[in-house]
Amino acid sequence: MNIFVWMLAICQALLTTGNILLVAVTGLIGQQLAPSAAWITFPVAMQFLGLMLATIPASLIMGATGRKKGFVLGNSIGVGGALLAVYALQAEAFLLFCVATFLLGIGIGFGMLYRFAAIELCDDDQQPRAISTIMVGGVIAAVVGPNLAIYSQNWWPEQPFIGAFVGLLGLYIIALILLLLIRFKPLVNPELEAQDARPLLDLIKGPGFWVAMLAAAVSYFVMNLLMTATPLAMHHHGYAFSQSASVIEWHVLGMFAPSFVTGHLIQRIGLLRVMFIGLWLMFACVAINLMGNSFGHFALALSLLGIGWNFMFIGATQLFTQSYRPSEKAKAQATNEFTVFSLVAISALSAGWLEHSLGWQAVNYAALPILLLGLLSLWFYQYQQKRQLSLSV
């Protein structure tokens with residue numbers, strides 16, 4: 001595997017470590033600073049709003065200036081967000097903290113394109129492994145993120161969550177240094193490359209395009225909804241912060257540890273089978289959450305949720321990259337990322353309200369129709385593939 005793919009994997013690991021850190025502390029900061037319970041997850045929602053709004057500009061900027069300049073810009077915005085978060089927590093300014101998470105979301109929005117950049121650095125037959133390699137970095141993040149959230153509380157005892165954002169700042173600076181060292185593929189003249197590009201509407205009409213986009217959206221929506229609500233639900237059931245951080249650690253291990261084999265699994269049993277397995281694992285997560293509120297229920301459910309997301313999201317990414325031409329990548333990736341993370345922003349905003357107002361079970365029941373939509377779309381695509389195969393014979 002190309003050495004620069006591994007360097008991107010480290011950047012992804014640093015980004016994911018920061019994301020886990022934010023998941024572990026942002027909801028709890030919201031509980032401390034928010035003016036009312038309805039605003040508890042507003043900082044989380046602002047993070048995903050920033051991510052959502054960054055997706056289209058990030059893809060277009062990279063299409064015009066190249067991957068390196070785009071990633072450096074996004075990472076620099078993340079550094080600014082981390083600095084502002086430290087100041088906002090010192091001043092106990094809720095709205096300023098929300099602005100900080102918004103900037104962090106923009107930085108994350110640029111970083112979400114690491115997986116597409118990795119694909120561009122390798123041959124076609126290595127693409128599933130390249131996607132998996134990028135995701136493997138999350139295994140490191142699964143261990144470092146929650147532990148950094150716990151230990152950083154001791155850095156500023158009077159304001160325990162400031163240390164988390166100082167740690168986040170360090171992660172972003174290391175990633176920035178690595179990005180400056182990576183040699184990305186040279187930028188092709190956009191005018192020459194656009195000559196064979198199809199209109200966006202024609203792209204979206206293709207089954208591979210919209211099914212992949214919907215599968216990614218479903219997996220990320222449900223994963224983020226349950227992941228964001230879990231620390232709040234555990235807090236309401238009397239669990240300590242260290243226990244909820246431990247559950248998040250197992251969840252993130254589930255999200256990324258399978259990446260060692262997901263690419264090989266796709267090549268061995270097929271893309272759709274892996275995605276179906278992932279979807280059924282997410283259904284199993286909801287069922288376990290509805291069965292009880294013990295620590296074991298929370299840990300097992302979120303572990304299965306992570307594995308299911310891994311299979312679904314890596315599969316959807318691979319399917320998506322097969323649905324457009326190289327000349328169409330900027331607008332295709334912009335459309336996909338904007339759609340997926342618009343829904344993720346909605347899940348982040350609704351998670352706190354649902355859990356506080358209607359309870360933990362309501363959060364899980366809300367996930368079921370979303371998962372059913374994903375199941376129906378995969379069944380439709382499978383039917384279309386079999387139909388095309390029978391017509392070609």
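This is a predicted model: local features need pLDDT of at least 70, side-chain atom pairs count only at pLDDT 80 or more; totals for chains, interfaces and linings use all residues.
The chain holds 16 helices and 0 strands. Of its 393 residues, 58% count as buried.

- If you want to look at L8 in the viewer, its partners beyond four places in sequence are Y114, A117, A118, L121, I134, L179, I182 and F184.

**Helices α2 and α4**

- Two packed helices are described by the angle between their axes and the distance between the axes.
- For α2 (residues 42-65) and α4 (residues 94-111), the angle is about 35° and the axes are 6 Å apart.
- The crossing of α2 and α4 is right-handed.
- On the α2 side, the contact includes F42, P43, M46, L49, L53 and I61; on the α4 side, the residues include F94, F97, C98, T101, F102 and I106.
- Glycines take part as well, among them G50 in α2 and G105 and G109 in α4.
- By residue type, the contact of α2 with α4 divides into 17 nonpolar, 5 polar and no charged residues.

**Helices α12 and α14**

- Helix α12 (residues 259-269) packs on helix α14 (residues 295-321) at an angle of about 50°, and their axes are 10 Å apart.
- With that angle, α12 and α14 are therefore oblique to each other.
- The crossing of α12 and α14 is right-handed.
- S259, T262, L265 and I266 of α12 meet N310, F311, I314 and G315 of α14.
- The residues of this contact divide into 4 nonpolar, 4 polar and no charged.

**Residue F48**

- F48 lies in helix α2 and is buried, with a relative accessible area of 8%, because the cut-off for buried is under 20%.
- Beyond its neighbours within four places in sequence, F48 is in contact with N224, F341, V344, A345 and A348.
- The C-alpha atoms of F48 and T101 are 8.5 Å apart, although the two residues are 53 residues apart in sequence.
- T101 is one of the α4 residues in the contact of α2 with α4.

**Residue L148**

- L148 sits in helix α6, which covers residues 127-151.
- A relative accessible area of 16% makes L148 buried, since buried means under 20%.
- L148 touches L21, W155, G167 and L171, leaving out residues up to four places away in sequence.
- From L148 to A164 there are 16 residues in sequence and 6.9 Å in space, C-alpha to C-alpha.

**Residue Q385**

- Q385 is found in helix α16, residues 360-392.
- With a relative accessible area of 35%, Q385 is partly exposed, because this value falls between the 20% limit for buried and the 50% limit for exposed.
- Q385 and G208 are 177 residues apart along the chain, and their C-alpha atoms are separated by 9.8 Å.

Technical notes:
Residues are numbered from 1 along each chain as its sequence is written. Side-chain values use heavy atoms; hydrogens and water are left out. Axes are lines fitted to C-alpha atoms, for helices over the stretch in contact, and angles run from 0 to 180 degrees between N-to-C directions. Helices (H or I, at least four residues) and strands (E, at least two) are DSSP runs, numbered from the N terminus. A crossing is left-handed if the near helix is turned anticlockwise from the far one by less than a right angle, and right-handed if clockwise. Contact means heavy atoms within 4.5 Å. Ala, Val, Leu, Ile, Met, Phe, Trp, Tyr, Cys and Pro count as nonpolar, Asp, Glu, Lys and Arg as charged, and the others, Gly among them, as polar. Angles under 35 degrees count as roughly parallel, over 145 as roughly antiparallel, 65 to 115 as roughly perpendicular and the rest as oblique. Buried means under 20% relative accessible area, exposed over 50%, partly exposed in between (1.4 Å probe, protein chains only).
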